[in-house]
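The coordinates and sequence are shown first.

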Amino acid sequence: YEVRVEACTVLGCSSSDWSSVLTLEAPPAGQPAPLLDLTSDPPTGLRTSFLLTWSPPAQLNGRILHYEVYRRQSALDTDKTGTATVVYKNISTSFKDGGLQPYTAYQYQVWAVNSAGYASSPWVSGRTGPAPPQGVGVPVVLDVSATSAVVGISPPAQPNGIVSLFRVFSVDQNNRTLLSEGTSHQQTLHGLRPYTQYWVGVEACTCYQCCSRGPVTELHTLAAPPADQRPPRLITLTSRSVQVEWNEPVAPNGVIDSCELHLRSSCPPPPQPIPSACTEGPTEICFFGKKWSYNVTGLQPYSTYELSVACFNNMGSTASNWTAVSTFSEPPQYVSPFSVDSNLTVIWLDWTGTFSLNGYLKEYTVTESQLRVYTGFYSYLHIPRTSQKTLSFQVTCITDSGSASTPTIRYSPATGLGPLEPVDGDKQGVSIPATPVYSELWFILLFALLGLFLLAILIGLLLKRALRKNPSARERPPLVMLQKTRKAGGDMYMRPCPELCSKHLSSSMLFLDQPTFDTVADCVEISNVILKSYTVYTEGVTDTKIVGRSSRYSPMSVLRAPSQTDLTQAYSQHSLHRSVSQLIDRKSLMMEEGCWDNPLGHDSGLYVAEDEFVDAIKAISSGKKEHTNFTDTHL
């Protein structure tokens, strides 16, 4: 405190200076209770720590030297309250208390201490979090059967919380399988395998991650009938036997004592051209014992059977599904004679039970006196009765593996059956080779089509060769192009023909007023002829003899033609051939001697009169230039 003295008179007052004075300390008062905050303990991760915070006392009454925190175990878990102990002594107003017991109730109190005394707060209670239980026991097997068991569960020795879940598990080579879970201390395990040993244990949980497991104990289920038997497997197959093998059931559920192999004939039978009625045969036990394979004999060839396996233990048995097998084929066999009967109009034969086919039927053949009267798939035949003579019948069965024949049966419509004729033993059921491929219908058709195809190709080639027309050889040499040269007075077209006139070097020229007249006649080879000269005047065209430089036959025929306007330019193939060729050929024969030296000794018929020469020259003017195409000449 601060104190001063004030003195007063009638006239006024006067005060002294303030003087400080300090009272003695007293114990503090009004200490509030601490606040508890449950936190995780870092080493374990469990919520087993409390964080305490508090405020100074309401009345300090001096200088606070330190704070003290007292802790005691609450009476909620025990019958009496525990002794309080100091767990903190410091000036700070917060404290973390760790390492506490899980799921335990504690009480805390804070003291504020000064030199005169202390002030205490009220007690505050708090409970730590749960932890995995400790001391989980072994389950007790109360009841057991083939597929289920009942076990009892005892509480953990130290639960460390409220146990909210029990799990029963099995251990198999470090693999855990959950069998049951719940809050009950007695649980039933379902879905167990019969005749199986289990190792079971219990897991107790107080929170999501607060679980612990106890030790395991042995549990052995009882035996049950076996289950899941697999069908037998085929090893070898013949026409009369089949060998199969099998394994024990997938779930034996006990000790397998023995097995049975069941056999029955099944439907449908192997295919035949005409299907027959089929009924399943009775089931036969062809094997009983502890072996895992067996060879079934005494079967019929070309037949379908079904096999099944049944295995037994001391509690029952299980059977597999049926497995179908078909035996191989054999040559057919003769069994009994066929029947023959008749009435007034028909004779009928029936060989239904005469043969054991043992394979796929190809045909039945019926002969009468070595003559075939029937071929087909049916086992009966009706023949018109036409006479009273004795008939000799024989039936042959042909399959894909062989053939068999019956003895010859003599039958008289009047007297009935006669004695059977013996038949060679090698003809009954003898295996014959398969039908040669060249006698099969598909083979014959294939080669017939191939032959027709080859014949069509051959005919096509012949027709192509016959219809191809080679160009016929000409009866005269072809026309040759003229060589055009320009001279005074008009154009000159010269055509030497040394390749055609090998013995005579003759030429022809046409002098035209216009350069468009470009056709001249061929020269003709003439032997032993000397042409000296000739002159012809025809419609303005002058033909004058010109003596060339050749030694033997070198005259040149020079035609002086009028202008092109005076001539028509339509030259046809036949007019040119007739006019120019005849012009040269015939006029060249006119000689002063007036006769041929014919080496062949007969008249050549090549003499030409003057009027024919004139006609030839006129024919030149009747041609047309645009049509000078020689279709019969290879130019």
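The text below treats the predicted model in terms of annotation, strands, cores, disulfides and individual residues.

**Annotation from the record**

An unreviewed UniProt entry carries the annotation "domain: Fibronectin type-III" for residues 1–29, 34–134, 135–224 and 225–333. In the span of residues 1–29, the end C-alpha atoms lie 20 Å apart. This span is 0% helix and 34% strand.

**Strand pairing**

Strand β7 (residues 66–73) is joined to strand β10 (residues 105–113) by eight bridges, and the two run antiparallel. In this pairing, Tyr70 stands opposite Gln109 in β10. Strand β7 is also joined to strand β8 (residues 85–90), here by five bridges and again in the antiparallel sense. On that side, Val69 stands opposite Tyr88 in β8.

In general, strands of a sheet pair through backbone hydrogen bonds, either parallel or antiparallel.

**Nonpolar cores**

The largest nonpolar core has 19 residues. Those with the most contacts inside this core are Phe338, Val340, Leu349, Trp351, Phe355, Val366 and Phe393. Strands β30, β32 (361–368), β35 (391–399) and β37 (408–412) each supply at least two residues of the core. The largest share, four residues, comes from β35.

Which residues does Val366 contact, leaving aside its neighbours within four places in sequence? The list comprises Leu349, Trp351, Leu371, Arg372, Val373, Tyr374, Leu381, Phe393, Gln394 and Val395. Among these partners, Leu349, Trp351 and Phe393 are also named with Val366 as residues with the most contacts inside the core.

A second, separate core has 17 residues, including Val242, Phe287, Leu299 and Tyr305.

**Disulfides**

The model contains four disulfides. A disulfide is a covalent bond between the sulfur atoms of two cysteines.

| Pair | S to S distance | Torsion about S-S | Handedness |
|---|---|---|---|
| Cys8 and Cys13 | 1.8 Å | 115° | right-handed |
| Cys205 and Cys211 | 1.9 Å | about 115° | right-handed |
| Cys267 and Cys278 | 1.8 Å | -95° | left-handed |

In the next pair, Cys205 is buried at 2% relative accessibility, whereas Cys211 is partly exposed at 25%. In the pair of Cys267 and Cys278, Cys267 is partly exposed with a relative accessible area of 28%, and Cys278 is partly exposed at 31%.

Cys259 is buried, with a relative accessible area of 1%. Cys311 is buried as well, with a relative accessible area of 0%.

**Two individual residues**

Is Ala277 buried or exposed? Its relative accessible area is 82%, and because exposed means over 50%, Ala277 counts as exposed. Ala277 lies in the loop between β22 (258–265) and β23 (284–289). The C-alpha atoms of Ala277 and Cys267 are separated by 9.3 Å, and the two residues are ten apart along the chain.

Ser49 belongs to strand β6 (residues 49–53). Not counting residues up to four places away in sequence, Ser49 touches Asp37, Leu38, Thr39, Ser40, Asp41, Lys96, Asp97, Gly98 and Gly99.

Technical notes. Residues are numbered from 1 along each chain as its sequence is written. This is a predicted model: local features need pLDDT of at least 70, side-chain atom pairs count only at pLDDT 80 or more; totals for chains, interfaces and linings use all residues. Side-chain values use heavy atoms; hydrogens and water are left out. Buried means under 20% relative accessible area, exposed over 50%, partly exposed in between (1.4 Å probe, protein chains only). Contact means heavy atoms within 4.5 Å. Two strands pair if DSSP finds at least two bridges between them. UniProt positions are given in the numbering used here, feature names are shortened, and annotations may be inferred rather than shown by experiment. A nonpolar core is a set of buried Ala, Val, Leu, Ile, Met, Phe, Trp, Tyr and Cys residues joined through side-chain atoms within 4.5 Å. A disulfide is a pair of cysteine sulfur atoms within 2.5 Å.
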